[in-house]
Amino acid sequence: MEKNIRLTLTGIQRDESGEEYVTTTHAPGQFYEKDGVLYLLYEETSRETHSVTKNKIKLKPKLLELTRRGEINTRMVFEPGKEYLTDYTTPFGSLKMELSTQNLDIQTERDRLQVRIDYILSSQGIPVSRCRLTILAE
(Lines give C-alpha, C1' and ligand atoms only; values in the text may rest on other atoms or scores of the structure.)
Protein backbone atom coordinates (compact mmCIF):
# COMPACT_ATOMS: atom_id res chain seq x y z
CA MET A 1 0.00 0.00 0.00
CA GLU A 2 1.40 3.37 -1.04
CA LYS A 3 1.35 6.21 1.48
CA ASN A 4 1.86 9.95 0.89
CA ILE A 5 4.74 11.40 2.90
CA ARG A 6 6.72 14.60 3.35
CA LEU A 7 10.48 14.27 2.77
CA THR A 8 13.28 16.47 4.02
CA LEU A 9 16.74 15.68 2.66
CA THR A 10 19.74 17.53 4.07
CA GLY A 11 23.15 17.12 2.50
CA ILE A 12 26.35 18.38 4.07
CA GLN A 13 29.58 18.31 2.08
CA ARG A 14 32.95 19.29 3.55
CA ASP A 15 35.74 19.66 1.02
CA GLU A 16 39.43 19.00 1.66
CA SER A 17 40.01 22.62 2.74
CA GLY A 18 37.29 22.32 5.41
CA GLU A 19 34.72 24.44 3.56
CA GLU A 20 31.20 23.17 4.31
CA TYR A 21 28.22 23.28 1.94
CA VAL A 22 24.68 22.51 3.10
CA THR A 23 21.67 21.81 0.86
CA THR A 24 18.14 21.07 1.98
CA THR A 25 15.32 19.71 -0.15
CA HIS A 26 11.68 19.48 0.92
CA ALA A 27 9.36 17.43 -1.26
CA PRO A 28 6.12 15.50 -1.12
CA GLY A 29 6.57 11.85 -1.93
CA GLN A 30 5.27 8.32 -1.73
CA PHE A 31 6.33 5.48 0.52
CA TYR A 32 5.68 1.77 0.12
CA GLU A 33 7.13 -1.59 1.12
CA LYS A 34 7.56 -4.55 -1.23
CA ASP A 35 9.24 -7.87 -0.40
CA GLY A 36 10.84 -6.42 2.75
CA VAL A 37 12.35 -3.43 0.92
CA LEU A 38 11.24 0.15 1.67
CA TYR A 39 10.80 2.57 -1.24
CA LEU A 40 10.60 6.37 -1.15
CA LEU A 41 9.66 8.18 -4.37
CA TYR A 42 9.82 11.93 -4.91
CA GLU A 43 10.45 14.55 -7.58
CA GLU A 44 12.65 17.64 -7.62
CA THR A 45 12.16 20.59 -9.95
CA SER A 46 15.19 22.67 -10.93
CA ARG A 47 14.85 26.35 -10.02
CA GLU A 48 16.92 27.36 -13.03
CA THR A 49 15.57 25.15 -15.83
CA HIS A 50 12.26 23.97 -14.29
CA SER A 51 13.08 20.42 -15.40
CA VAL A 52 12.01 17.51 -13.20
CA THR A 53 14.27 14.84 -11.72
CA LYS A 54 12.53 11.69 -10.47
CA ASN A 55 14.15 10.07 -7.43
CA LYS A 56 13.79 6.59 -5.98
CA ILE A 57 15.29 5.55 -2.66
CA LYS A 58 15.46 1.81 -2.08
CA LEU A 59 16.19 0.93 1.54
CA LYS A 60 17.26 -2.46 2.85
CA PRO A 61 18.51 -3.16 6.41
CA LYS A 62 22.18 -2.36 5.63
CA LEU A 63 22.01 -0.75 2.19
CA LEU A 64 20.50 2.35 0.61
CA GLU A 65 20.27 2.89 -3.14
CA LEU A 66 19.40 6.32 -4.59
CA THR A 67 18.46 6.49 -8.27
CA ARG A 68 17.91 9.85 -9.98
CA ARG A 69 16.49 10.26 -13.50
CA GLY A 70 15.98 13.57 -15.29
CA GLU A 71 18.24 16.62 -15.38
CA ILE A 72 20.61 14.65 -13.12
CA ASN A 73 21.12 10.93 -13.73
CA THR A 74 22.90 8.69 -11.27
CA ARG A 75 22.65 5.54 -9.20
CA MET A 76 24.34 5.81 -5.82
CA VAL A 77 24.72 2.78 -3.54
CA PHE A 78 25.55 3.25 0.14
CA GLU A 79 26.67 0.19 2.09
CA PRO A 80 28.98 0.51 5.11
CA GLY A 81 32.48 -0.81 4.52
CA LYS A 82 32.08 -0.99 0.74
CA GLU A 83 33.02 1.30 -2.11
CA TYR A 84 30.81 1.77 -5.16
CA LEU A 85 31.51 3.54 -8.45
CA THR A 86 28.89 5.81 -9.96
CA ASP A 87 28.46 8.02 -13.00
CA TYR A 88 27.01 11.38 -12.00
CA THR A 89 25.53 12.90 -15.15
CA THR A 90 24.39 16.53 -15.33
CA PRO A 91 23.57 18.85 -18.27
CA PHE A 92 27.23 19.97 -18.01
CA GLY A 93 28.76 16.52 -18.37
CA SER A 94 29.40 13.23 -16.61
CA LEU A 95 31.71 12.53 -13.68
CA LYS A 96 32.93 9.16 -12.44
CA MET A 97 32.82 9.15 -8.65
CA GLU A 98 33.57 6.64 -5.89
CA LEU A 99 31.38 6.42 -2.79
CA SER A 100 32.82 4.94 0.38
CA THR A 101 30.13 4.63 3.07
CA GLN A 102 31.37 4.99 6.63
CA ASN A 103 28.00 4.79 8.40
CA LEU A 104 24.37 4.03 7.56
CA ASP A 105 21.95 4.59 10.45
CA ILE A 106 18.25 3.80 9.95
CA GLN A 107 15.68 4.66 12.60
CA THR A 108 12.02 3.82 12.16
CA GLU A 109 9.15 4.85 14.36
CA ARG A 110 5.43 4.50 13.88
CA ASP A 111 4.95 7.20 11.21
CA ARG A 112 8.51 8.37 10.79
CA LEU A 113 11.68 7.19 9.08
CA GLN A 114 15.06 8.83 9.58
CA VAL A 115 18.23 7.81 7.75
CA ARG A 116 21.73 9.19 8.19
CA ILE A 117 24.55 8.31 5.82
CA ASP A 118 28.17 9.38 6.30
CA TYR A 119 30.36 8.81 3.26
CA ILE A 120 33.47 9.94 1.41
CA LEU A 121 33.16 11.07 -2.18
CA SER A 122 36.28 10.55 -4.33
CA SER A 123 37.26 11.03 -7.95
CA GLN A 124 39.98 8.83 -9.45
CA GLY A 125 40.99 7.71 -5.96
CA ILE A 126 41.42 11.27 -4.66
CA PRO A 127 39.04 12.30 -1.83
CA VAL A 128 36.85 15.22 -2.90
CA SER A 129 34.61 15.65 0.15
CA ARG A 130 33.29 14.11 3.34
CA CYS A 131 29.53 14.00 3.17
CA ARG A 132 26.49 13.43 5.33
CA LEU A 133 23.00 12.84 3.95
CA THR A 134 20.03 12.89 6.31
CA ILE A 135 16.62 11.75 5.06
CA LEU A 136 13.51 12.37 7.12
CA ALA A 137 10.19 10.92 5.93
CA GLU A 138 7.02 11.71 7.88
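Arg68 is buried, and Glu44 is buried too. These two residues form a salt bridge, and their closest N and O atoms are 2.5 Å apart. Side chains of opposite charge can pair when their charged atoms come close. Arg68 sits in strand 5, residues 63–69, while Glu44 sits in strand 3, so the pair ties together parts that are 24 residues apart in sequence. Keep in mind that this is a predicted model.

Now look at the overall fold.

Start with the pairing of strands 1 and 2. Strand 1 covers residues 3–15, and strand 2 covers residues 20–34. The two run antiparallel, and twelve bridges join them. Take Leu9 as an example: its bridge partner in strand 2 is Thr25.

Follow the chain out of strand 2. The loop between strand 2 and strand 3 (37–45) holds Asp35. Is Asp35 buried or exposed? Its relative accessibility is 74%, so Asp35 counts as exposed.

The structure holds two aromatic pairs. One of them is formed by Tyr32 and Tyr39. A pair of aromatic rings is described by the distance of the centres and the angle of the planes. Tyr32 has 21% relative accessibility, so it counts as partly exposed. Tyr39 has a relative accessible area of 12%, and buried means under 20%, so Tyr39 is buried.

The next loop lies between strand 3 and strand 4 (52–60), and His50 is found there. His50 has a positive phi of about 65 degrees, although it is not a glycine. With a relative accessible area of 60%, His50 is exposed.

Ser46 lies in the loop between strand 3 and strand 4 as well. Is Ser46 buried or exposed? Ser46 is buried, with a relative accessible area of 12%. What does its side chain reach at 3.2 Å? The answer is the backbone nitrogen of Glu48. The side chain of Ser46 also makes a polar contact with the side chain of Glu71, at 3.4 Å. Leave aside residues up to four places away in sequence, and Ser46 touches Ser51 and Glu71.

Move on to strands 7 and 8. A hairpin of two residues joins them. Strand 8 covers residues 93–109. Strands 7 and 8 run antiparallel, joined by eight bridges. Thr90 has Gly93 as its bridge partner in strand 8.

A salt bridge also links Asp87 and Lys96. Their side chains meet at 2.7 Å, N to O. Asp87 is partly exposed, with a relative accessible area of 36%. Lys96 has 58% relative accessibility, and exposed means over 50%, so Lys96 counts as exposed.

How many salt bridges does the structure hold? There are ten. Among them is the bridge between Arg116 and Asp118, with the closest N and O atoms 3.0 Å apart. Arg116 is partly exposed, at a relative accessible area of 33%. Asp118 counts as buried, at 12% relative accessibility. Elsewhere, salt bridges that share partners join Lys3, Arg110 and Asp111 into one network.

Note on methods:
Residues numbered from 1 in each chain as written. Predicted model: local features only at pLDDT ≥ 70, side-chain atom pairs only at ≥ 80, totals over all residues. Heavy atoms only, no water. Pairing = 2+ DSSP bridges. Helix = DSSP H or I, 4+ residues; strand = E, 2+ residues; numbered from the N terminus. Buried < 20%, exposed > 50% of the residue type's maximum accessible area, 1.4 Å probe, protein only. Polar contact = N/O pair within 3.5 Å; in protein donor to acceptor, adjacent residues only side chain to side chain. Contact = heavy atoms within 4.5 Å. Phe/Tyr/Trp six-rings, centres within 6.5 Å; stacked < 30°, edge-to-face > 60°. Salt bridge = Lys/Arg side-chain N within 4 Å of Asp/Glu carboxyl O.
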